[in-house]
Amino acid sequence: MPGAVGPDEIRRVSQAALDLPGVDGVEVLFMHEWGGLTRFASSSIHQSTWREDTGTRVRVVTNGQVGVASTNDFSPEGARAAADSAKEMAQVVAPDPLFAGFAPPAPIEATESFDEATASTSPTTRAEGVAALVEQCDQGFTAAGAFETTSMEVAVANSEGQFCWAPSTLASITTVISGGEHGNGFAETFGARVSDIDPESIGKRAAQKARDSQNPHDLDPGRYTVILEPSAVSTPVGFLAWIGFGGRMLAEGRSCFSGKEGETVAAPTISIFDDAASPLTLGTPFDFEGVPRERVDLIKDGVFLDGVYDMRTAKQAEKATTGHALPPPNPEGPFPLNLFLAPGDSSVEEMIAATDRGLLITRFHYSNVVHPVESTITGMTRDGTFLIEHGQIAGPVKNLRFTQSIIEALMNTTMIGRETELASEFFFSASRVPALMIEGFNFTGRSDH
Amino acid sequence: MPLLDVAKQAVEAAKAAGADYADGRVVREDSESITVRNQVMEGIDRSDSQGVGIRVLVNGYWGFAATALLEPAEIERTATLAVEIARAAARLPMDPIQLSETEPATGTWHSPMQVDPFNVALEEKVALLMEATRRMQEVKGLAFAEGGIDLFRRRSWLATSEGTAVEQTTVQSGAGIEASAVGEGELQRRSFPNSFRGHIAAAGWEHIQRLGLIEEAERTATEAVELLSAKECPSEVTTLVIDSGQVELQVHESIGHPVELDRVLGMEEAYAGSSFLTPADRGKLRYASDQVSITADASLPGGLGSFGWDDEGVPAQQTPIIIDGIFHNFISSRETATRIGERSSGAMRADGWQNLPLIRMTNISIEPREGSLADIIGDTKDGIFMATNQSWSIDDKRVNFQFGCEIAWRINDGKLTDMYRNPNYTGITTEFWGSCDAVGGREEWTLWGTPNCGKGQPGQVARVGHGTSPARFRNVQIGVRG
């Protein structure tokens with residue numbers, strides 16, 4: 001199977017774009033992804049794929065005018081054609097008053113996030129992993145999900161002399177086990193190495209959830225104490241990346257944290273930060289314009305500090321970039337892609353024991369924004385929702401719709417798990433978060449399953 | 001080498017590697033996107049992507065592999081890998097996949113277009129957005145005036161081991177404007193002609209010229225500013241009228257997705273979810289009131305879901321989904337149709353060359369009935385009119401939904417009165433559609449484009465169409481608050 005292109009070849013191809021005459025500057029963002037995904041349903045492998053693609057994205061500036069073009073033709077000719085196209089576009093637009101130049105040369109700290117064994121995982125190995133997971137299903141239950149092993153290399157080269165390159169790998173397995181008398185169970189795990197993935201244990205977790213979820217009862221909507229498992233916590237935390245922490249939204253008054261720097265926005269036990277360099281997440285050490293990613297404390301001890309910035313947004317906000325640019329052009333500005341919610345000192349069992357009446361939530365589904373400035377989102381529970389009474393699990397309940405302000409939920413957090421997991425919201429990259437216990441979580445509707 | 005020959009070469013390589021069935025699909029996609037905010041260029045970019053996806057059946061199991069490199073050696077390596085993947089799938093036994101019959105297809109197809117948007121001067125495109133945003137900015141109190149143009153061209157060459165060999169081109173053009181007002185803890189937005197980048201159609205530059213972005217700029221911006229001081233949408237159970245753009249979203253989420261047969265069969269269970277429907281519901285289930293008929297039609301001119309053949313080589317079809325409120329048919333693939341004793345409805349499409357085809361909506365449309373939006377509102381004694389989708393959420397079986405709109409007005413004795421901000425409504429799919437007692441006529445029917453429909457693992461984005469008219473629903477819960 002193919003491997004990484006490597007920095008030397010990327011430099012050679014990029015140079016064809018960097019040599020573009022008649023412009024003030026050129027930036028080349030190169031991305032290369034290859035790998036396989038074994039997808040299963042009804043305990044059989046029904047969609048199994050492998051793919052490889054490259055992307056060479058060229059940003060050109062001339063007289064403050066900026067154009068971008070990209071191609072998956074990874075060759076000097078392809079890179080040069082993209083540069084020519086970007087130049088043509090730049091020449092017809094007005095200067096961008098917020099253009100802040102390209103990243104200056106800066107050292108990038110090397111990370112060890114590429115694992116050859118993960119990169120070379122065969123379809124047979126993934127199939128064996130899926131089989132080990134499926135074997136955990138009880139009679140009358142089936143598993144669905146996906147086992148993915150992918151590799152990526154990202155590089156940025158620009159006419160200022162910056163060059164950075166980082167290879168990485170990702171292994172993940174996700175499953176929903178369902179069957180019996182209408183009950184589902186979910187489990188997932190992520191890691192940089194396929195050796196970190198234990199399909200059997202994931203299967204056991206999901207199978208137990210499915211067993212526990214049988215014959216769910218109706219429950220009236222209303223405000224409940226909730227215990228959110230890490231997969232559920234990733235939803236509000238992930239949404240804050242979108243509607244809260246971006247420097248552009250903050251500067252323009254569109255963020256739920258706009259004007260709240262220094263204000264208490266969460267319980268004093270809550271701290272949220274972004275740290276791509278941590279070995280506990282899956283990050284690249286630089287952003288998509290070649291700036292080293294910094295650890296940024298976003299909420300510290302319940303107080304909102306600041307957001308994240310790219311070079312353009314930093315100029316707009318008169319701050320320094322934190323290394324959180326997305327691929328250009330990016331009208332929405334920077335996002336944090338490697339969020340952490342700091343752990344506390346409780347276990348889920350202790351949270352359950354401390355709950356007189358409440359709900360244990362495995363995960364949320366298809367959530368979306370209701371009111372961005374109030375940080376209100378709505379979504380559904382799925383794959384394991386349980387009523388807690390008098391400190392014990394009383395039984396499964398049918399799925400409920402929540403409509404809830406994230407800030408209010410963070411303010412009402414009373415216990416935080418001591419263990420953290422990488423968990424992925426439906427739309428966002430993975431966050432490392434613990435379980436949370438939250439008072440007065442607002443459920444506004446229910447479904448029939 | 002002609003790219004159809006490359007596709008055929010992929011098929012031959014797969015057969016040589018041991019495939020019982022194979023298809024090769026070469027795809028080249030080009031796009032251009034321009035975004036202006038407050039007369040400042042926020043983004044202008046072009047992209048192109050080309051490659052081949054090879055899908056095989058080996059002993060009744062699927063395998064798929066894709067590469068951007070079209071050299072013979074790479075195609076041979078990729079085809080061999082696809083066969084290896086299919087063989088690995090046999091680790092978990094299942095009933096071998098059977099494909100429903102389809103006649104081998106040959107020919108070419110092109111979406112309708114008068115003016116190739118990729119040949120229109122960049123200066124003209126930029127000038128349109130600059131003028132539209134300038135006019136919006138003239139409205140006092142507006143914070144952000146944004147305009148965007150999106151162009152897309154997909155050329156594909158499909159060959160199968162059954163003899164299909166087709167070449168297709170679709171060109172899609174879209175544009176829209178968006179006005180935002182910020183203040184007092186509120187962010188209010190109005191869009192035209194629709195939210196999320198406007199109105200996109202399988203058409204040329206002439207479509208964008210007809211949208212009227214400049215003419216509607218002032219009204220759009222004025223409404224955004226007025227929303228800042230509008231009353232909050234009340235919480236009550238009432239009669240709800242929604243505009244054509246919101247009916248598009250309602251059809252997409254609560255009809256289009258549940259009728260995908262792969263969801264019904266559990267093939268999307270772990271990610272996007274499944275469906276409340278079962279094969280036994282065909283011809284029996286009352287999905288909606290008798291006002292509601294829904295058709296999937298891949299032959300509609302201008303639809304993002306239109307084509308000559310799907311990515312399995314099945315010809316474009318019209319499929320009645322709901323007839324006078326009764327559910328009749330799913331949208332399906334050759335594999336899934338066989339499992340319920342039918343033939344494919346021709347709904348398999350892949351995102352680019354690098355993904356395997358999935359069941360995707362074509363153009364799922366509500367059949368127009370009678371009357372204009374003004375007629376429906378005029379016929380409503382008391383209720384709420386909501387316009388333009390803002391957010392959406394629905395459960396994993398497509399039962400409980402909650403959708404938000406940009407703007408609403410109280411209907412009082414057939415007239416629009418108070419404006420409301422932050423409107424939303426919630427319901428249960430079949431109860432909601434069952435309460436529909438009016439669907440607007442042909443004169444209000446618009447074929448919208450949804451270019452961002454997500455599904456599958458690895459994630460794919462499909463471009464689908466929905467023809468919709470305004471509609472009225474009774475006893476709807478509106479104004480859900482956090």
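The legends below describe close-up views of a predicted model.

**View 1. The largest nonpolar core of the predicted model.** This core comprises 283 residues, and those with the most contacts inside it are A:Ala17 and A:Val58 from chain A together with B:Ala14, B:Ile54, B:Val56, B:Ala82 and B:Ala86 from chain B. Its largest share, 10 residues, is supplied by strand E4 (residues 141-158) of chain A.

**View 2. The surroundings of B:Ala82.** When neighbours within four places in sequence are left aside, B:Ala82 is in contact with B:Ala14, B:Ile54, B:Arg55, B:Val56, B:Gly63, B:Phe64 and B:Ala65. B:Ala82, B:Ala14, B:Ile54 and B:Val56 are among the residues with the most contacts inside the largest nonpolar core.

**View 3. The two domains of chain B and the contact between them.** Chain B is divided into domain 1, which spans 3-229, and domain 2, which spans 232-478, and the C-alpha centres of these two domains of chain B lie 21 Å apart. The contact takes 46 residues from domain 1 of chain B and 39 residues from domain 2 of chain B. On the side of domain 1 of chain B that touches domain 2 of chain B, strand E2 (residues 40-58) of chain B gives the most, with six residues, and the residues of this side divide into 18 nonpolar, 20 polar and eight charged.

**View 4. B:Gln250 in helix H6 (residues 244-256) of chain B.** B:Gln250 counts as buried because 27 other C-beta atoms lie within 10 Å, where 20 or more are required. Leaving aside neighbours within four places in sequence, B:Gln250 is in contact with B:Ile242 and B:Phe403. The C-alpha atoms of B:Gln250 and B:Trp392 are separated by 8.9 Å, although these residues are 142 residues apart along the chain.

Technical notes:
Residues numbered from 1 in each chain as written. Chains lettered and ligands numbered in written order. Predicted model: local features only at pLDDT ≥ 70, side-chain atom pairs only at ≥ 80, totals over all residues. Core = buried A, V, L, I, M, F, W, Y, C linked by C-beta atoms within 7 Å. Buried ≥ 20, exposed ≤ 12 C-beta atoms within 10 Å, placed from the backbone. Helix = DSSP H or I, 4+ residues; strand = E, 2+ residues; numbered from the N terminus. Contact = placed C-beta atoms within 7 Å. Domains from an automatic or database assignment. Nonpolar A, V, L, I, M, F, W, Y, C, P; charged D, E, K, R; others polar.
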